Amino acid sequence: MFKNTYQSGLLSIFYSCGSNPLAIWDMEVQNGHIKRLTDNEVNSIVLEIVSSNVATTYIVCPKRNQVLGIRLPFLVMIVKNLKRYFSFEITILDDTNMRRRFRISNFQSTTKIKPFCTTMPIGLSSGWNQIQFNLADFTRRAYGTQFIETLRVQVHANARLRRIYFSERLYTEEELPQDYKLYLPLERKEKKVKSEKKEASKTDKAPARPPAEKTPQEKVPKVEAPVAEPKPPIQLESKVSAATVTPTTTEAGDVKPEDEPEAAEPTPEAASEPGAEPDEEVEGVGEEPKLEEEPQEPEGQTEIKEEGEE
């Protein structure tokens, strides 16, 4: 479907606020429903997939027997945790022309790697989450092959979807376009700002004591309980790729003492250079027989002159 198109930056395959969000998707519904509704937390239209059986209700992209052909290595999903079973599958093609499938769910506790399918767990926080899946890194770790392209994406119940897109790299919140961001209600943001201002005013009014008056209990580091705020988005890629081994590099300051040049000691040859005092250099070196015999040569010459004069 996208194999012959130019792929760079961001490539979206699902957006709940569009006129027809499931235009390139097929859906299967049994003992459940797939419908659009307004989520009160984000005040936006989202797609809800709910069923009593996770395997029987899902949406799959693309339709029928087509393939996506997306070469971008990162898959990003904005989903809401409904505190029920949830899973999604991604089918990719590697450099050995083999189809591999990754199945991620929140009802499994261990990772199992099979020749054609890898199952792995995921932990979702309450509320909305942003799942970032590094397809190239997972393909290399699981099968030792190189990622080529994504063929299919299948999302099962139970969750609410806002957007699904591919990217060439992980973008920060400031770099993303407005449509790709997930906004929380303004009332919630205003409450956070007011609470922060109150805490700041309390700290400013509190009198500062000198460090000498601190008691031993204040010096002990305290373990603060987590604040009841929504946790940051889950980054699936960071949990797995954190174990990558990078080659160590020596810093500029880590120089061994053995590598420093040693001071050159004076040699006997250096003592015979012009301008140097022979007596002091001979005492520093220890043995120099030539310097002791040199003053005797002129004495022999003086004796020969005296004989010639006589």
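The side chains of threonine 57 and serine 51 are joined by a polar contact of 3.0 Å. Keep in mind that this is a predicted model.

Let's stay with threonine 57. Where does threonine 57 lie? In the loop between strand S4, residues 44-51, and strand S5, residues 58-61. Is threonine 57 buried or exposed? Its relative accessibility is 0%, so threonine 57 counts as buried; the cut-off for buried is under 20%. The side chain of threonine 57 has another polar atom pair to look at. The backbone oxygen of glutamine 30 lies 2.9 Å from a polar atom of that side chain.

Now the neighbours. Leaving out residues up to four places away in sequence, threonine 57 touches Glu28, Val29, Gln30, Gly32, His33 and Ile34, among others. Its contacts also include Ile49, Val50 and Ser51. His156 and Ala157 are on the list too.

Ala157 leads us to the peptide bonds. Alanine 157 and asparagine 158 are joined by a cis peptide bond, with omega about 10°. Asparagine 158 is in the loop between strand S12 (147-156) and strand S13 (159-167). Cysteine 61 to proline 62 is also a cis peptide bond, and here omega is near 5°. Proline 62 belongs to the loop between S5 and strand S6 (74-81).

Next, phi. Arginine 64 lies in the loop between S5 and S6. Its phi is positive, near 55°, and the residue is not glycine. Arginine 64 has 62% relative accessibility, so it counts as exposed. Asparagine 31 also has a positive phi near 55° without being glycine. Asparagine 31 sits in the loop between strand S2 (26-28) and strand S3 (32-39). At 60% relative accessibility, asparagine 31 counts as exposed; the cut-off there is over 50%.

On to helix H1, residues 135-143. Asparagine 134 caps its N-terminal end, with a side-chain oxygen 3.4 Å from the backbone nitrogen of alanine 136. Which residues of H1 are buried? Leu135, Asp137, Phe138, Thr139 and Tyr143. After H1 comes glycine 144, with a positive phi near 70°.

Two of those buried residues, Phe138 and Tyr143, take us to the aromatics. Phe138 and Tyr143 form one aromatic cluster with Phe102 and Phe133. Tyrosine 143 also has a charge over its ring: the charged end of arginine 100 sits 4.3 Å from the ring centre.

How many aromatic pairs are there? The count comes to eight. One of them is phenylalanine 14 with tryptophan 25, edge-to-face, at 6.0 Å centre to centre and 75° between the planes. Phenylalanine 14 is in strand S1 (residues 10-15) and tryptophan 25 is in the loop between S1 and S2, so the pair ties together parts 11 residues apart in sequence. Phenylalanine 14 and tryptophan 25 are both buried.

Another pair is tyrosine 165 with tyrosine 180. This pair is edge-to-face as well, with 4.9 Å between centres and 90° between planes. It links distant parts of the chain, 15 residues apart: tyrosine 165 is in strand S13, and tyrosine 180 is in the loop between S13 and helix H2 (186-205). Both tyrosines are buried. Which residue lies over the face of tyrosine 180? Arginine 163, at 4.0 Å from the ring centre.

Definitions and conventions:
Residues numbered from 1 in each chain as written. Predicted model: local features only at pLDDT ≥ 70, side-chain atom pairs only at ≥ 80, totals over all residues. Heavy atoms only, no water. Helix = DSSP H or I, 4+ residues; strand = E, 2+ residues; numbered from the N terminus. Buried < 20%, exposed > 50% of the residue type's maximum accessible area, 1.4 Å probe, protein only. Polar contact = N/O pair within 3.5 Å; in protein donor to acceptor, adjacent residues only side chain to side chain. Contact = heavy atoms within 4.5 Å. Phe/Tyr/Trp six-rings, centres within 6.5 Å; stacked < 30°, edge-to-face > 60°. Lys NZ or Arg CZ within 6 Å of the ring centre and 35° of its normal.
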